[in-house]
Amino acid sequence: MSRELLTIFYNIQVACIFVSFIISLLLLNNNQIPKYMRGFFWYPMIGVLAIIPGFIARNFCESWYVFGAIIHKFSILFHYSFLSIFIFRAIPGKKNNIYLTIIFLTFLFLILFFLLRVNIETRSDHSFAIANFGLVIYSIIYYYYLFNNNPTFNLLKEPAFWIITGIFFSMSVHIPIFLAMDNLHYKIPINTYRILICVSIFCYFLMHIFFIKAYLCAIHQRKI
(Lines give C-alpha, C1' and ligand atoms only; values in the text may rest on other atoms or scores of the structure.)
Protein backbone atom coordinates (compact mmCIF):
# COMPACT_ATOMS: atom_id res chain seq x y z
CA MET A 1 0.00 0.00 0.00
CA SER A 2 1.41 3.39 -1.01
CA ARG A 3 1.74 6.31 1.37
CA GLU A 4 -0.60 8.31 -0.87
CA LEU A 5 -3.37 5.75 -0.45
CA LEU A 6 -2.88 5.84 3.32
CA THR A 7 -3.26 9.63 3.19
CA ILE A 8 -6.52 9.22 1.26
CA PHE A 9 -7.86 6.91 3.98
CA TYR A 10 -6.81 9.42 6.62
CA ASN A 11 -8.50 12.31 4.80
CA ILE A 12 -11.73 10.31 4.51
CA GLN A 13 -11.63 9.82 8.27
CA VAL A 14 -11.13 13.58 8.77
CA ALA A 15 -14.12 14.29 6.49
CA CYS A 16 -16.29 11.80 8.39
CA ILE A 17 -15.44 13.35 11.78
CA PHE A 18 -16.19 16.81 10.37
CA VAL A 19 -19.58 15.66 9.02
CA SER A 20 -20.30 14.04 12.40
CA PHE A 21 -19.60 17.38 14.11
CA ILE A 22 -21.81 19.36 11.70
CA ILE A 23 -24.76 16.99 12.14
CA SER A 24 -24.32 16.98 15.93
CA LEU A 25 -24.93 20.75 15.91
CA LEU A 26 -28.54 20.04 14.85
CA LEU A 27 -29.15 18.83 18.42
CA LEU A 28 -28.22 22.17 19.97
CA ASN A 29 -30.94 23.97 21.95
CA ASN A 30 -33.20 20.94 21.66
CA ASN A 31 -34.79 20.11 25.00
CA GLN A 32 -36.70 17.14 23.60
CA ILE A 33 -33.68 14.90 23.08
CA PRO A 34 -32.52 12.54 25.88
CA LYS A 35 -30.51 14.32 28.57
CA TYR A 36 -27.47 12.17 27.94
CA MET A 37 -27.30 13.50 24.34
CA ARG A 38 -27.08 17.13 25.38
CA GLY A 39 -23.57 18.42 24.91
CA PHE A 40 -22.44 15.42 22.87
CA PHE A 41 -21.39 17.80 20.08
CA TRP A 42 -18.28 18.50 22.17
CA TYR A 43 -16.84 15.09 21.29
CA PRO A 44 -16.79 15.47 17.48
CA MET A 45 -15.83 19.14 17.83
CA ILE A 46 -12.72 18.28 19.90
CA GLY A 47 -12.12 15.42 17.47
CA VAL A 48 -11.97 17.88 14.57
CA LEU A 49 -9.58 20.17 16.46
CA ALA A 50 -7.36 17.26 17.55
CA ILE A 51 -7.07 15.82 14.07
CA ILE A 52 -6.08 19.09 12.34
CA PRO A 53 -2.32 18.75 13.12
CA GLY A 54 -2.28 15.24 11.67
CA PHE A 55 -4.18 16.42 8.60
CA ILE A 56 -1.67 19.23 8.02
CA ALA A 57 1.29 16.89 8.61
CA ARG A 58 0.07 14.28 6.11
CA ASN A 59 -0.94 16.74 3.41
CA PHE A 60 1.24 19.83 3.72
CA CYS A 61 3.98 19.97 6.36
CA GLU A 62 5.51 16.89 8.02
CA SER A 63 6.99 18.97 10.85
CA TRP A 64 3.47 19.12 12.29
CA TYR A 65 3.77 15.44 13.29
CA VAL A 66 5.42 16.45 16.58
CA PHE A 67 2.63 18.87 17.40
CA GLY A 68 0.11 16.19 16.44
CA ALA A 69 1.73 13.72 18.87
CA ILE A 70 1.41 16.23 21.72
CA ILE A 71 -2.25 16.90 20.91
CA HIS A 72 -2.82 13.14 20.62
CA LYS A 73 -1.86 12.67 24.29
CA PHE A 74 -4.37 15.21 25.53
CA SER A 75 -7.02 13.83 23.16
CA ILE A 76 -6.63 10.36 24.73
CA LEU A 77 -7.64 11.73 28.13
CA PHE A 78 -10.60 13.59 26.63
CA HIS A 79 -11.62 10.58 24.50
CA TYR A 80 -11.64 8.27 27.51
CA SER A 81 -13.22 10.65 30.03
CA PHE A 82 -15.96 12.02 27.77
CA LEU A 83 -17.17 8.71 26.34
CA SER A 84 -16.99 6.82 29.63
CA ILE A 85 -19.04 9.51 31.40
CA PHE A 86 -21.50 9.44 28.48
CA ILE A 87 -21.93 5.67 28.89
CA PHE A 88 -22.43 6.04 32.65
CA ARG A 89 -25.20 8.59 32.03
CA ALA A 90 -26.86 6.39 29.42
CA ILE A 91 -26.95 3.23 31.57
CA PRO A 92 -30.64 2.50 32.27
CA GLY A 93 -32.17 1.61 35.62
CA LYS A 94 -30.50 1.53 39.02
CA LYS A 95 -26.70 1.31 38.87
CA ASN A 96 -23.84 0.99 41.33
CA ASN A 97 -22.19 4.42 41.01
CA ILE A 98 -19.36 3.57 43.43
CA TYR A 99 -18.46 0.50 41.37
CA LEU A 100 -18.46 2.52 38.14
CA THR A 101 -16.39 5.30 39.72
CA ILE A 102 -13.71 2.84 40.88
CA ILE A 103 -13.46 1.39 37.35
CA PHE A 104 -13.24 4.89 35.87
CA LEU A 105 -10.45 6.02 38.21
CA THR A 106 -8.50 2.78 37.77
CA PHE A 107 -8.35 3.11 34.00
CA LEU A 108 -7.63 6.84 34.28
CA PHE A 109 -4.63 6.09 36.50
CA LEU A 110 -3.32 3.48 34.04
CA ILE A 111 -3.70 5.87 31.12
CA LEU A 112 -1.82 8.64 32.94
CA PHE A 113 0.89 6.18 34.01
CA PHE A 114 1.65 5.13 30.43
CA LEU A 115 1.32 8.68 29.10
CA LEU A 116 3.95 9.93 31.54
CA ARG A 117 6.35 7.10 30.70
CA VAL A 118 7.12 8.46 27.23
CA ASN A 119 8.38 11.79 25.96
CA ILE A 120 5.67 14.39 25.45
CA GLU A 121 6.52 14.51 21.73
CA THR A 122 6.07 10.73 21.36
CA ARG A 123 2.75 9.01 20.70
CA SER A 124 1.56 6.64 23.40
CA ASP A 125 -0.21 3.79 21.66
CA HIS A 126 -0.42 1.69 24.83
CA SER A 127 -2.30 4.48 26.61
CA PHE A 128 -4.74 4.63 23.72
CA ALA A 129 -5.25 0.87 23.85
CA ILE A 130 -5.93 1.01 27.62
CA ALA A 131 -8.43 3.86 27.16
CA ASN A 132 -10.25 1.90 24.48
CA PHE A 133 -10.24 -1.26 26.60
CA GLY A 134 -11.89 0.74 29.39
CA LEU A 135 -14.57 1.94 26.97
CA VAL A 136 -15.21 -1.64 25.84
CA ILE A 137 -15.69 -2.68 29.49
CA TYR A 138 -18.14 0.20 30.05
CA SER A 139 -20.03 -0.76 26.90
CA ILE A 140 -20.43 -4.33 28.20
CA ILE A 141 -21.72 -2.93 31.51
CA TYR A 142 -24.23 -0.84 29.55
CA TYR A 143 -25.45 -3.92 27.66
CA TYR A 144 -25.74 -5.83 30.95
CA TYR A 145 -27.94 -3.19 32.58
CA LEU A 146 -29.88 -2.64 29.35
CA PHE A 147 -30.91 -6.23 28.75
CA ASN A 148 -31.21 -7.02 32.46
CA ASN A 149 -33.95 -4.37 32.64
CA ASN A 150 -35.91 -5.94 29.74
CA PRO A 151 -36.15 -2.81 27.55
CA THR A 152 -39.60 -2.13 26.12
CA PHE A 153 -38.46 0.53 23.63
CA ASN A 154 -37.11 0.02 20.12
CA LEU A 155 -33.33 -0.16 20.43
CA LEU A 156 -32.88 0.73 16.76
CA LYS A 157 -34.40 4.14 17.52
CA GLU A 158 -32.39 4.70 20.70
CA PRO A 159 -29.45 7.15 20.21
CA ALA A 160 -27.42 5.76 23.13
CA PHE A 161 -27.61 2.23 21.74
CA TRP A 162 -26.11 3.33 18.41
CA ILE A 163 -23.36 5.41 20.03
CA ILE A 164 -22.31 2.73 22.50
CA THR A 165 -22.51 -0.02 19.87
CA GLY A 166 -20.25 2.09 17.66
CA ILE A 167 -17.80 2.48 20.55
CA PHE A 168 -17.93 -1.24 21.37
CA PHE A 169 -17.28 -2.59 17.88
CA SER A 170 -14.76 0.05 16.83
CA MET A 171 -12.70 0.03 20.01
CA SER A 172 -12.71 -3.80 20.18
CA VAL A 173 -10.95 -3.93 16.81
CA HIS A 174 -8.74 -0.98 17.70
CA ILE A 175 -7.24 -2.46 20.89
CA PRO A 176 -5.06 -5.30 19.50
CA ILE A 177 -3.79 -3.07 16.69
CA PHE A 178 -2.50 -0.38 19.03
CA LEU A 179 -1.08 -2.89 21.51
CA ALA A 180 1.00 -4.45 18.76
CA MET A 181 1.82 -1.29 16.81
CA ASP A 182 5.16 -0.51 18.47
CA ASN A 183 6.44 -4.09 18.26
CA LEU A 184 5.37 -4.59 14.66
CA HIS A 185 6.71 -1.34 13.26
CA TYR A 186 10.14 -2.69 12.38
CA LYS A 187 9.28 -6.40 12.12
CA ILE A 188 6.76 -6.50 9.27
CA PRO A 189 6.80 -5.09 5.72
CA ILE A 190 5.92 -1.40 5.51
CA ASN A 191 2.89 -2.11 3.32
CA THR A 192 1.50 -4.54 5.92
CA TYR A 193 2.09 -1.95 8.62
CA ARG A 194 0.21 0.66 6.60
CA ILE A 195 -2.71 -1.72 6.17
CA LEU A 196 -2.93 -2.01 9.97
CA ILE A 197 -2.97 1.78 10.20
CA CYS A 198 -5.82 1.84 7.64
CA VAL A 199 -7.78 -0.64 9.77
CA SER A 200 -7.25 1.66 12.75
CA ILE A 201 -8.45 4.62 10.70
CA PHE A 202 -11.49 2.63 9.58
CA CYS A 203 -12.38 1.97 13.24
CA TYR A 204 -12.77 5.68 13.89
CA PHE A 205 -14.59 6.17 10.60
CA LEU A 206 -17.05 3.41 11.56
CA MET A 207 -17.55 4.81 15.05
CA HIS A 208 -18.54 8.21 13.71
CA ILE A 209 -20.92 6.58 11.21
CA PHE A 210 -22.69 5.05 14.23
CA PHE A 211 -22.66 8.48 15.90
CA ILE A 212 -24.30 10.07 12.85
CA LYS A 213 -27.01 7.39 13.00
CA ALA A 214 -27.55 8.28 16.68
CA TYR A 215 -27.93 12.00 15.83
CA LEU A 216 -30.51 11.17 13.19
CA CYS A 217 -32.43 9.02 15.67
CA ALA A 218 -32.48 11.89 18.17
CA ILE A 219 -33.67 14.33 15.48
CA HIS A 220 -36.39 11.88 14.44
CA GLN A 221 -37.57 11.61 18.05
CA ARG A 222 -37.82 15.40 18.19
CA LYS A 223 -39.98 15.47 15.08
CA ILE A 224 -42.28 12.81 16.54
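Ground rules. Residues count from 1 along each chain as its sequence is written, and side-chain values use heavy atoms, without hydrogens or water. Because this is a predicted model, local features need pLDDT of at least 70 and side-chain atom pairs pLDDT 80 or more, while totals for chains, interfaces and linings use all residues.

Start with His 174. It sits in helix H6, residues 159–184. Helices here are DSSP runs of H or I, at least four residues, numbered from the N terminus. Is His 174 buried or exposed? Buried, at 1% relative accessible area. The cut-offs: buried is under 20%, exposed over 50%, partly exposed in between, with a 1.4 Å probe and protein chains only.

Which side chains make polar contacts with the side chain of His 174? Asn 132 does, at 3.1 Å. Ser 200 does too, at 2.9 Å. A polar contact is an N or O pair within 3.5 Å; within protein, one atom must be able to donate a hydrogen and the other to accept it, and residues adjacent in sequence count only if both atoms are side-chain atoms.

Contact means heavy atoms within 4.5 Å. Leaving out residues up to four places away in sequence, His 174 touches Phe 128, Asn 132, Ser 200, Cys 203 and Tyr 204.

Now the cysteines. Cys 203 is buried at 2%. Cys 198 is buried at 6%. Disulfides, meaning cysteine sulfur pairs within 2.5 Å, number 0.

Last, the rings. There are 28 aromatic pairs, with Phe, Tyr or Trp (six-membered ring) centres within 6.5 Å. One cluster includes Tyr 36, Phe 40, Phe 211 and Tyr 215.

Methods. Rings of Phe, Tyr and Trp (its six-membered ring) pair if their centres lie within 6.5 Å; planes under 30 degrees apart count as stacked, over 60 as edge-to-face and the rest as tilted. Helices (H or I, at least four residues) and strands (E, at least two) are DSSP runs, numbered from the N terminus.
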